[in-house]
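Work through the exercises below with the structure open. Each task is followed by a stepwise solution.

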Amino acid sequence: MRKVTRKYMLLYLVISTVIGISLVGCSHTPPRPAELDQARLAYAEARDNPQVASRAPVALREAEETLLRAEQIWDKDKDVREVQNLAAVARQRAELARAAAAQKQAEAEIEELGGTRDRLLLDARTREAQRAQEQAERAQREADQAYQQVRSATTQNTQLERELAYTKEELAAKEAAAQAPAKRRTRTR
């Protein structure tokens, strides 16, 4: 009986080992790919960035969809290669979303700087026009002053010419008056 028991024990041990190995082999699942966790982290960083969420929502959504597909395939089929490929694509799409957001931010800054440049140019032109206006007004005042000086000089010159003419007439009249008695004397003689 001991031999039979030993035989059964040995058979039981062999069967148990085979069943245990097969159970372990069947239930053995490969470890979750690191690429999937990296893709999840890249997507989370992009999603949590308000610039990416507002400036590149389509690219962010594509990254999310690819990541969800990779997780579904992992949960359903445990296809490591397919999950790794999809995770890499999801990570790249998250990076593309961040790059698109950065590009749109740069474009917005360029537009803002262009507006600032335009305002500065307008301000400079306005100051230049004001200076030109001030110079024109100053030149006009100087011209008005010169005109007034010329007018005053002309008026004085005219007055002096009149006085000179009057003085000449007076002198001529005095000479004529002085010569008239002398002519009378010569005539009476």
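Arg 61 is partly exposed, because its relative accessible area is 41% (buried means under 20%, exposed over 50%, partly exposed in between, with a 1.4 Å probe and protein chains only). The model is predicted: local features need pLDDT of at least 70, side-chain atom pairs count only at pLDDT 80 or more, and totals for chains, interfaces and linings use all residues. Residues are numbered from 1 along each chain as its sequence is written, and side-chain values use heavy atoms, with hydrogens and water left out.

**Exercise 1.** Describe how α2 and α4 pack.

Step 1. Take the geometry. Helix α2 (residues 34–48) and helix α4 (residues 57–76) pack at about 155°, with axes 10 Å apart. Axes are lines fitted to C-alpha atoms over the stretch in contact, and angles run from 0 to 180 degrees between N-to-C directions.
Step 2. Classify the angle. α2 and α4 are therefore roughly antiparallel (over 145 degrees; under 35 is roughly parallel, 65 to 115 roughly perpendicular, the rest oblique).
Step 3. List the contact (heavy atoms within 4.5 Å). α2 contributes Leu 36, Ala 39, Arg 40, Tyr 43, Ala 46 and Arg 47. From α4 come Leu 60, Ala 63, Glu 64, Leu 67, Leu 68, Ala 70, Glu 71 and Trp 74.
Step 4. Sort these residues. The contact of α2 with α4 has 10 nonpolar, no polar and 4 charged residues.

**Exercise 2.** Which salt bridge does Arg 40 form with Glu 71, and what network holds both?

Step 1. Locate the bridge. The closest N and O atoms of Arg 40 and Glu 71 are 2.7 Å apart.
Step 2. Arg 40 is in α2 and Glu 71 in α4, 31 residues apart, so distant parts of the chain are linked.
Step 3. Arg 40 is partly exposed at 30% relative accessibility, whereas Glu 71 is buried at 14%.
Step 4. Arg 32, Asp 37, Arg 40 and Glu 71 are linked in a network of salt bridges.

Methods. Helix = DSSP H or I, 4+ residues; strand = E, 2+ residues; numbered from the N terminus. Nonpolar A, V, L, I, M, F, W, Y, C, P; charged D, E, K, R; others polar. Salt bridge = Lys/Arg side-chain N within 4 Å of Asp/Glu carboxyl O.
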